[in-house]
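Q: I would like a close look at one part of this model, with the cut-offs behind each term spelled out. Please take it step by step and keep the description to what can be computed from the atoms.
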Amino acid sequence: MGYKTINEANEAVNQKIIAAAPFLTDVVPAKSVIPELEEHVLLHAGPPIKYENMTDPMQGSCVGAILFEGWAEDEEGARELLENNKITFIPCHHVNAVGPMGGITSPNMPVLVVVNKENGNEAYCQMNEGIGAVLRFGAYNEQVINRLHWMKDVLGPVLSKALKAMEGGLNVNVLIAKAIAMGDEFHQRNIAASLAFLKEVAPIISALEDVEKEKRTEVIQFLADTDQFFLNVAMATGKAMMDAAATIGHGTVVTAMCRNGENFGIRIAGMGDEWFTAPVNTPQGLYFTGYSAEDANTDIGDSAITETMGVGGVAMIAAPAVTRFVGSGGFNDALETSNQMTEIYIGENPNFAIPTWDFKGACLGLDARKVVETGITPVINTGIAHKIAGYGQIGAGTVNPPIECFEKAITAYAEKLGFKE
Amino acid sequence: MILETSAIGSVALELLIEGKKFTIHSIFEKGWNIIDCNEELIFLGTDENGTFPFGILLDPQTKQKAKAEIEAGDTFIVRNKHLSHNRLDIKFDNTKILPLNTDFEHANINILKENMQQISFESYESTDFESIRVSELICKLQDASGNLEDEFRYFIGRGQGLTPTGDDILVGILYGHFINPFIASNHLKTLGKLIEEPLTTIVSKRFLTCALEGLFSSKITQLQHDSSLESLKSLMKVGSSSGKDTLYGIWMALNKE
Amino acid sequence: MLYTIIKENTYQDSIVLMLLSNKLSAMDGVNKVSIMMGTPANKDIFKSSGLGTDELEKAKPNDIVIVVDAEQEEKVTEVKEEVEAALKGESGSQDASKDQEAHNWKRALELANNPNLALISIPGQYAAMEAENALNEGLHVFMFSDNVAKEDEVKLKQMAHEKGLLVMGPDCGTGIIHGLPLAFTNIVKEGDIGVVGASGTGIQEVTTIIDRYGKGVTNAIGTGGRDLSTEVGAITALDSIKALNEDPKVKVITVISKPPAKEVQEKVLNVLRNIEKPVVTLFLGDKPAYQEENIYHAYTLEEAAVVSVQLSNGEKPNFEPKVKEDVNVALKDSQVGIKGYYSGGTLAYEAAVLVKAAFEDEVPEEKKEAYILKTKHHEIIDLGDDIYTQGKPHPMIDPEKRIEMLETSGNDPETAVIMIDNVIGYGSHDDMANELAPTIKRVLENARQDGRELAVLATVVGTEQDPQGYDKQVETLRESGAIICETNDQMVRTAINLVGGKVEQPVVDVQTFDHTKEDLSVDEKIMSLINTKPSVINIGLKSFTEAVQSSGSECVQFNWRPIAGGDEKLMKVLQFLNYYEGDKI
């Protein structure tokens, strides 16, 4: 199909996002859906990065994943494999996946499967481990590894059974629409969606006869405890939507944003799989008692896929409760943030109406041209990791992508279309 | 506008003598403080930070409505079991009285200690309240000999916030004492005498006087009935650091040598 | 330096204090800041962390104490404002609706309440584009920006005229619209004299003299210096004159300009000859050769102002130039030079015109860059000229260059008189007199020690209503030893008098001229501009918004930025993509 102008192409991309029909259908071992995940292969967040350039938490996650897989006996062994380049790294985004924070995903970790029924593509994301010492922030102590095993052996299979019991899986758009009206923005705040998810699966899990009662209770307790469980569902959903939208193959709408702690990378519809990168910023925000900006790790994780689809920090107005947590003022500041975002997002998503925004739809279609034109970059809500592996989350805040990514992307696209200086 | 209260603390109720005048001292997100001529303080507001013996509990809507009408410095007069303000009347005649929760014997110290292990207090090492200092105080508290005035003066009123960190830690230590007594009574007397001096904020003083009598906020007494990690986390969420500071005090008290 | 702020008996949610602490630490020029309750233990912390101060001792346990380590004292005001803002509202961000700012046209128009005027102060290369946008939105335009191409000016003014709108400027430094001071302007009483002017400080001098004579100006419309050029053809001046003519509240119309192109001057005079209201014109630099029945041709700014006042009072025009007679200064024979260091361009120009007229037979003029006038003995300099302002603030804001000039010329044994202006009002220095006074004192003292006497003459352009206060500025300068002249005219004539010269006032006959009939009607939109308080969209300098708001008018701040941050390659890329049409996609 041909488009006469870039506006037309961008509109087609937006229509593809609106039309998306994401369903959460299963939880499976990563290697069963990602053939690239062979022995000694790990996925990571963000655009491609070498092990030695990873920040400490991401390296810590690698150690944890190796211990979980049993490729090494102990930390020393794991470090040896990593430092001698015995581990192959692939960005999550290259294999239909996304990963929060470090995004380190190994073959046997369970992943959520979201199918975009409109386009027929799938996307994957590992499950949220809760808060405190967790792998995604670089922790790899015994408790972390044990939890990962429990997720593989209990949580994954039980959720898989529950999801399969739903005909066609769980309609994610419906959940998102519900939760956005309950004050979630799906990056920093997912509590409403997580509860709504629990509401859907709890009766089914309770009735699973082939699962021991103890395990059912454990799973339900875990879901009830994990406020951010839905974040990873939202991420897989974003990936499934944006990958489908990218098939339009034209225009300047951003189809992926992610960070690896070293670089921020974006893709635009007209440039396919090419990454446009620039050094990441460090998040600004509020720190838990005892920590300060000096302890903060640089921006990291694939979770900015939520802002790519038009929620997260962009939809700050949907979640006024978050604004204080991320240190950006009150309701009016949230309103201002979202209003400002309408200058760089070219549409509204009618599927996700925001009551606190007078039922305006969430932002849709981040136009790289508009970012460069206005100098306004999208606001990304984010957790802040300690720069030393294992400390975990030390605060929350907002971060903006470096504008150079967008400048590089539109310049490359213009050149592709015949622009000469 | 006539507004209903949801519940009232016993300390607050004792202060609400017919005809007595209170002034609004400070207004916060979650409620406001009034003080009488002796600077005795009552908090009116929601229970997001727990309920207090010196508190009057309002539901969020009531709090919001009332807050729109009041300003610091306004007066309330107690009339016919109402707190009367020139634009508001807050009724407390038929309200329920908050339980005191002095059933410290119900505390399960072992589970509490076990669950507290999941919480890291490491960040205190780089502050004025490093663990050696706190445990030294706790150690001395057990021994009736000596006078701890200097030590108390160090803690009282020290640190960030409306209830300075040092005070919150002391409240935590006192709670540790009530569930597992260890403080020699002369030290409690010294502390009681010291907090009559202007060493800390009125609010903080209030918490400390209550704590000396074994009266704590519901977020703290909750630990007696449910020692789970959830209760601990819920206490941690109080204030910006107060909850965690209190918890640190309890932790240090329970882990004394 | 350490500064202590104590908020007595104040309690705040700790989150507010945390946010405040973050905000203050992030401020430029703030090295360190700590916010705590003033308990004895916390006072110890302040002290041990190097933030101990004497004031701190006064703090009580229920006070919020803020100690700031800042480089300059000015920072403290800023810190205090932030503190007040944070402590006032619970969230510190409530009711932001009033102060909202826009960064695009769409938002600016949404926020503004029936806007009718755009005030533009963005860089010249972009100003024309935004002025065009403003006209397309039906707004009158006040262009403070300079460096706008002449062809753009012509295009904009023609476009505006067709739409029934007014373009004031470009390079329009001052203006009063229905009593609202715009850009660099004095607060002048409202009244029945209407002013149209092609020069900034010329308008300021005339309107402030009118004010000091007890009369007022409701509209002083700046046209920009090139309006009376052949190419532009006085489009704005003519529309403005017609509007003032149609306004029943205007009794006298005063037109100020440098001498325009011949045919344009004829065009303007023809329109003025159609008008029944009394008119005063000043084509500064032209010595009037005749008077007309209904048009008074003035020679100097003061004359234009004084005659306007007289006409407004229904009196017969009668202007006698004044010279300060009682100047006690013993000059040696070798002291012959007049040195004028101006911040106001038109004032410098007026000085040059008069000095030239007084001495033209004696000393030939030397053409020299950076001088308005340079002869063997005399020099008049406009320090607001680009040559002096490269990378530096305007001399109305920055005293540095003037101080330097005062000292150099004061040390020159040939110097007899030094003249300086002090233009006050919105946009100018808070207390320029106080900046200049010590230097004046020193210069006079140095000369005395050198066995010379010297006259430093000064004039203040302003009114008592101006933020700096006319009397206060005059008093400060007088105390420093300067001789205060009421107007620039008086100052220059006094200087000339001191070195033994005189400017003859033209004595001329009344002549009558034929004129062709002119349509004097004006678009309703222009009438409504001068008859109601404007609602402004300010594109550029934020201080203009504050000035407009403090005068009680509505103003929306439009924080304009060039697209793509002004990067030319990216601008081309964007243009390519935005207008791309093709088969490749």
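Into which domains is chain C divided, and what can be said about its contact with chain B?

A: This is a predicted model, in which local features need pLDDT of at least 70 and side-chain atom pairs count only at pLDDT 80 or more, while totals for chains, interfaces and linings use all residues. Residues are numbered from 1 along each chain as its sequence is written, chains are lettered from A and ligands numbered from 1 in the order in which they are written, and side-chain values use heavy atoms, with hydrogens and water left out.

Chain C is divided into domain 1 (2–94), domain 2 (102–320 + 523–558) and domain 3 (337–498), with bounds that come from an automatic or database domain assignment. Between the C-alpha centres of domain 1 and domain 3 of chain C there are 45 Å.

Where chain C meets chain B, 18 residues of chain C are in contact with 26 residues of chain B, contact meaning heavy atoms within 4.5 Å. The area buried between chain B and chain C is about 1700 Å², and carbon and sulfur atoms give 54% of that area; buried area is the accessible area (1.4 Å probe) that two parts lose on being put together, summed over both.

Between chain B and chain C the count of salt bridges is zero, a salt bridge being a side-chain nitrogen of Lys or Arg within 4 Å of a carboxyl oxygen of Asp or Glu. The count of residue pairs in polar contact between chain B and chain C is four, with both residues at pLDDT 80 or more; a polar contact is a pair of N or O atoms within 3.5 Å, where within protein one must be able to donate a hydrogen and the other to accept it, and residues adjacent in sequence count only if both atoms are side-chain atoms.

On the side of chain B that touches chain C, strand 3 (21–27), helix 5 (149–155) and helix 8 (202–212) of chain B each supply at least two residues, and strand 3 of chain B gives the largest share, three residues. These elements are DSSP runs numbered from the N terminus, helices being H or I of at least four residues and strands E of at least two. By class, that side of chain B has 10 nonpolar, 11 polar and five charged residues, where Ala, Val, Leu, Ile, Met, Phe, Trp, Tyr, Cys and Pro count as nonpolar, Asp, Glu, Lys and Arg as charged, and the others, Gly among them, as polar.
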